[in-house]
Amino acid sequence: SGINAEYGHVLRTMNFLHSAAHQAPTTSTATNMNAGLVRVKEKHTARLTPDLKRSMCSKCKVVLVPGNTARVRIRNKQGDQFRVVTCVLCGLSKRYLVGNQQLKIETCPFFENT
């Protein structure tokens, strides 16, 4: 149908921008591509998976690469384990609850269709 075809084009565009940004994650071009990805997402009200959202800084839009542009620490608080990811460039920190699943530092993002 027409709606699915249009949304497929949006997903292909977002996938291209994300893949291109990860080719050279520390460049300003990668940051611009991530910013473009966010603009496309907002324009078409598309949703990104948590893995994709966690692979870029929500403040400066840089690709978060552990050991390069991001510092990743595991912290315990009140019996729960958290993965704390800090952007080296802007200093923004995010905490993610680590459940019973294995810690995933490197992720392969996919897009949601909702």
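This is a guided tour of one predicted protein model, stop by stop.

**Stop 1: the whole chain**

Show the whole chain as a cartoon. It holds 3 helices and 3 strands, and from the N terminus on the elements run α-α-α-β-β-β. Of its 114 residues, 32% are buried. The exposed surface comes to about 7,500 Å², and carbon and sulfur atoms supply 50% of that area. Now think about contacts between residues at least 6 apart in sequence: 47% of them join residues at least 24 apart.

**Stop 2: colour by confidence**

Colour the chain by pLDDT. The mean is 81, and 82% of the residues reach 70 or more. Among the helices and strands, where is confidence lowest, and where is it highest? The lowest is helix H1, residues 2-23, with a mean of 79, while the highest is strand E2, residues 80-87, at 93. Next select residues 101-114, where the pLDDT is below 50. Beyond near neighbours in sequence, this stretch still has 31 contacts in the model.

**Stop 3: the largest nonpolar core**

Select Tyr7, Val10, Met14, Leu17, Leu37, Val38, Val40, Ala46, Leu48, Leu52 and Met56, and show their side chains. These 11 residues form the largest nonpolar core. H1 and H2 each supply at least two of its residues, and H1 gives the most, with 4. Apart from this core lies another one, of 7 residues, including Cys57, Leu64, Val85 and Tyr96. In soluble globular proteins, nonpolar side chains tend to be buried together.

**Stop 4: two loops**

Go to the loop between helix H2 (28-43) and helix H3 (50-53), and select Thr45. Its phi is positive, about 50°, although Thr45 is not a glycine. Is Thr45 buried or exposed? Thr45 is exposed, with a relative accessible area of 62%.

Then move to the loop between H3 and strand E1 (70-77), where Lys61 is found. Lys61 also is not a glycine, and its phi is a positive value near 65°.

**Stop 5: the cysteines**

A disulfide is a covalent bond between the sulfur atoms of two cysteines. How many disulfides does the model have? The count is 0.

Start with Cys57. The closest cysteine sulfur to its own is in Cys90, 3.5 Å away. The cut-off for a disulfide is 2.5 Å, so this distance is too far for a bond. Cys57 is buried, with a relative accessible area of 3%.

Turn to Cys87. Its sulfur is 3.7 Å from the closest cysteine sulfur, in Cys60, and this too is too far for a bond. Cys87 is buried, with a relative accessible area of 3%.

**Stop 6: strands E1 and E2**

Select E1 and E2 together. The two strands run antiparallel, and 8 bridges join them.

**Stop 7: strands E2 and E3**

Between E2 and E3 the hairpin has 5 residues, and Gly91 in the turn has a positive phi of about 85°.

**Stop 8: inside E2**

How many of its 8 residues are buried? The answer is 6, so E2 is mostly covered. In a regular strand the side chains alternate between the two faces of the sheet.

Take Thr86, which is in E2. Its relative accessibility is 9%, and residues under 20% count as buried, so Thr86 is buried. Which residues does Thr86 touch, leaving out those up to four places away in sequence? They are Thr69, Ala70, Arg71, Gly91, Leu92 and Ser93. One of these, Gly91, is the turn residue with the positive phi from the previous stop.

Conventions. Residues are numbered from 1 along each chain as its sequence is written. This is a predicted model: local features need pLDDT of at least 70, side-chain atom pairs count only at pLDDT 80 or more; totals for chains, interfaces and linings use all residues. Side-chain values use heavy atoms; hydrogens and water are left out. pLDDT is the predictor's confidence in each residue, from 0 to 100. Contact means heavy atoms within 4.5 Å. Buried means under 20% relative accessible area, exposed over 50%, partly exposed in between (1.4 Å probe, protein chains only). Accessible areas come from the Shrake-Rupley method with a 1.4 Å probe; for residues, only the protein chains shown count as cover. A nonpolar core is a set of buried Ala, Val, Leu, Ile, Met, Phe, Trp, Tyr and Cys residues joined through side-chain atoms within 4.5 Å. Two strands pair if DSSP finds at least two bridges between them.
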